[in-house]
Amino acid sequence: MPPQALIPERAARQASPVSRVLVLMYHQVDAPRSAQEQRFCTSPADFAAQMQWLAGAGYRAVDLDAVVGHVKGCAMLPEKSFHISFDDGFVGVLEHALPTLAALRMPATLFALPRRTGLTNDWMHRRGAPRRALLSAPQLQLLADEGFTIGSHSCTHARLPELDADAARQEIVDSKSELEAMLGREVRHFAYPYGLFDERVREIVVQAGYASACSTRSGFNRPGEDPYLLRRIDIAGTDKQWQFRQKLQYGSNEAKRLQPLAYYAGRLRARLGPG
Ligand SMILES: [Zn+2]
């Protein structure tokens, strides 16, 4: 590519507003009880430090409808917009995350399992994780009243692509109507359990009337992308503060000491094109 051909493309990129929106994915916010659990369990102190850092660094929390509007091209969000999501519906979100989020006025989404409300995380406990309480229906209602968006994470934390069509439809369609009956408000968003989906599962989510679905694919969400495959950054309980910041900066689940070098080398390669 001749050097002058680079110039208009680069100018266009610099002139256009940065339009990359992050969705953070958490599970538990609590004191971890085992090394295995720590992966999915952010301590209340770490969570508060992460949220305070975001607020101080000029990040702006937006709700999930705004993220969907952004990828659909309806409403462009400014740089450093982000959304916070919690999967599974652990009680620790109410006890430890809500006070921090309320103090900082940050909206968030919790993806709940309507047939496991008030029960425990059996699907994790079977694999050796400590048993943990899931939010009851009144506790979910309390979170919704405090401004949380409640989304569906299926009825029972099912591995959706492995189910037949009827069973998959039940998990996706019934979880929406059951949560709506429980909370008395519309449930507009879905998150795939285990991050597992295929074309058929995605189509059932669309047909069920959800406005979006969160995946576990990492990266920024840009206009023109599929609102039924929103990308999320996986925040682990083991993340140090520098790893958390790096995940946000590069929109990646990987945080490595040499990440900045690899990132800019990758961007340079993309700019120069093949060969
Ligand atoms: Zn889950």
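Predicted model: local features only at pLDDT ≥ 70, side-chain atom pairs only at ≥ 80, totals over all residues.
**Entry 1: the core.** I began with the largest nonpolar core, which has 60 residues. I looked up which members touch the most others, and found Leu-24, Val-67, Leu-110, Ala-112, Ile-150, Val-205 and Ala-213. Strand β1, residues 22-26, gives this core its largest share, five residues. A general reminder to myself: in soluble globular proteins, nonpolar side chains tend to be buried together.

**Entry 2: strand β1.** Five of its five residues are buried, so the strand is largely enclosed by the rest of the structure. I checked the directions too: Leu-22, Leu-24 and Tyr-26 point one way, while Val-23 and Met-25 point the other way. Which strands pair with β1? I found β5 (residues 81-87), parallel to β1 and joined to it by five bridges, and β10 (residues 233-234), also parallel, with two bridges. For orientation I noted two partners: Tyr-26 bridges to Phe-86 in β5, and Met-25 stands opposite Asp-234 in β10.

**Entry 3: Val-21.** I then stepped back to the loop between α1 (3-15) and β1, where Val-21 sits. Is Val-21 buried or exposed? I count it as buried because 26 other C-beta atoms lie within 10 Å, and the cut-off is 20 or more. Leaving out residues up to four places away in sequence, its contacts include Val-67, His-70, Leu-77 and Phe-220. I also looked at Glu-79, which is 58 residues away along the chain; its C-alpha atom and that of Val-21 are 7.4 Å apart.

**Entry 4: Ile-150 and strand β7.** Strand β6 (residues 108-112) runs parallel to β7, with four bridges between them, and Phe-111 faces Gly-151. Among the residues that Ile-150 touches are Leu-110, Ala-112, Leu-140 and Leu-179.

**Entry 5: helix α9.** I finished with α9 (residues 199-207), whose buried residues are Val-201, Arg-202, Ile-204 and Val-205. Seen down the helix axis, they fall within an arc of 160°, so they line one face. Those residues pack against α8 (165-183), β8 (189-191) and β9 (212-214). On the other side I found Glu-199, Glu-203 and Gln-207 exposed. Just past the helix, Gly-209 has a positive phi of about 100°.

Terms used
Residues numbered from 1 in each chain as written. Core = buried A, V, L, I, M, F, W, Y, C linked by C-beta atoms within 7 Å. Buried ≥ 20, exposed ≤ 12 C-beta atoms within 10 Å, placed from the backbone. Contact = placed C-beta atoms within 7 Å. Pairing = 2+ DSSP bridges. Arc of directions from axis to C-beta.
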